[in-house]
Amino acid sequence: MTVAGRVRRESVRMQAAELFEQEVKPPEVARRLRVSLKSAYQWHQLWREGGVGALASRGPSGSRCRLSPRCLEKLAVYLEQGPAAHGWVEDQVWTAARVAMLIGRKFHVSYSVSGATRLMHRLGFSPQVPARRVAERDEQAVTGWKEATWAEVKEPGRPAGATSASRTRQASPAVRPEDAPGAGEAARRS
C-alpha cells in the first residue's frame, strides 16, 4: 500500500477514535465512516485497550525490501539499459525470470519470479512475455507460403448440411441421407 493510502486509512481510524470518545457505539461509527461493522468493532476494542495510539499506523506491511535504496537505483539503471546489455540478445524484453536472474547476478540476492514482478512494478517497469519468433524470420516469405502452399495443402472443412452442430446428439434420422446408417428408422417411426 502506498504512503498516501496508509495515511488515509489512519485518518479514518482517528475519526473513529474521536467518535468512541464521544461514546458513539461501533455500529453507528461503521455507518458514519462507511466502514465494515467488523472493522468498527476491532477498532473499538483496540481503542479501549490502548487508546488513540493503538489505532495509529504501524508503517508498511509485508516483508522489507531486500535491496537497499542505492541497489534499487542501480537496478533501475540496469533495466533502462535493456536486456541485450546484460546478455539477452534474442529479444528486447524484460521477463520477471530475467530480472530475478539479473538481481542474483548483480546484487547476490535471491528473488522469486513473483517477487521480481512486484519489484519491477514498484520501479515503474512491467515484465513482458517474449514473442517466440526467430530473429531471422522473413515475413514476406511466410505470407507467400500461407497464400500459395498452405491453400493447396490444407484439407477442406466438413460439408455443411448433413451434419449436426450438437456434439452429444446426432442429426435426426429424418434429415439423414438415405444411404446413411439408421436412415430407415425415420420412415418406420412416422
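Is E28 buried, partly exposed or exposed, judged by its relative accessibility? At 25% relative accessibility, E28 counts as partly exposed, where buried means under 20% relative accessible area, exposed over 50%, and partly exposed in between, for a 1.4 Å probe and protein chains only.

The structure is a predicted model, in which local features need pLDDT of at least 70 and side-chain atom pairs count only at pLDDT 80 or more, while totals for chains, interfaces and linings use all residues. Residues are numbered from 1 along each chain as its sequence is written, and side-chain values use heavy atoms, leaving out hydrogens and water.

## Overall architecture

The protein contains 8 helices and 0 strands, and its pattern along the sequence is α-α-α-α-α-α-α-α. Helices (H or I, at least four residues) and strands (E, at least two) are DSSP runs, numbered from the N terminus. Of the 190 residues in the protein, 26% are buried. Among contacts with a separation of 6 or more, 43% join residues 24 or more positions apart; a contact means heavy atoms within 4.5 Å. The protein exposes about 14,400 Å², of which carbon and sulfur atoms supply 52%. Accessible areas come from the Shrake-Rupley method with a 1.4 Å probe, and for residues only the protein chains shown count as cover.

Helix α4 comprises residues 69-81, that is, 13 residues. From its first C-alpha to its last it reaches 19 Å, close to the 18 Å expected at 1.5 Å a residue; the expected span is 1.5 Å times one less than the number of residues. The buried residues of α4 are L72, L75, Y78 and L79. They cover an arc of only 115 degrees around the axis, which puts them on the same side of α4. The arc is that of the directions from the helix axis to the C-beta atoms. On the other side of α4, the residues P69, R70, E73 and E80 are exposed. The buried residues of α4 pack against α5 (96-107) and α6 (113-122). After α4 comes G82, with a positive phi near 95 degrees.

In α6, the residues G115, A116, L119 and M120 are buried. Seen down the axis of α6, these buried residues fall within an arc of 140 degrees, so they line one face of the helix. The buried residues of α6 pack against α4 and α5. S114 also lies in helix α6 and counts as partly exposed at 41% relative accessibility. Helix α6 is followed by G124, whose phi is positive, near 90 degrees.

## Positive phi in two loops

Positive phi values also occur in residues other than glycine, including E23, near 65 degrees, and H108, near 55 degrees. E23 is found in the loop between α1 (3-21) and α2 (26-33), and it counts as exposed at 68% relative accessibility. H108 lies in the loop between α5 and α6, and its relative accessible area of 71% makes it exposed.

## Salt bridges

Side chains of opposite charge can pair when their charged atoms come close. A search of the whole structure finds 3 salt bridges, a salt bridge being a side-chain nitrogen of Lys or Arg within 4 Å of a carboxyl oxygen of Asp or Glu. The table gives each pair.

| Salt bridge | Closest N and O atoms |
|---|---|
| E28 and R31 | 2.5 Å apart |
| R32 and E28 | 3.0 Å apart |
| R98 and E90 | 3.0 Å apart |

E28, R31 and R32 are linked in a network of salt bridges. E28 and R31 are 3 residues apart in helix α2 and are separated by about one helical turn. R32 and E28 both lie in helix α2 as well, 4 residues apart, which is about one turn of the helix. R31 counts as exposed at 57% relative accessibility, whereas R32 is partly exposed, with a relative accessible area of 45%. R98 is buried, with a relative accessible area of 9%.

## A nonpolar surface patch

W145, W150 and V153 form a nonpolar patch on the surface, with about 340 Å² of accessible area together. Patches are made of residues with over 30% relative accessible area and no salt bridge; like charges are joined within 9 Å and nonpolar side chains (Val, Leu, Ile, Met, Phe, Trp, Tyr) within 5 Å. W145 lies in helix α7 (residues 139-153) and is partly exposed, with a relative accessible area of 44%.
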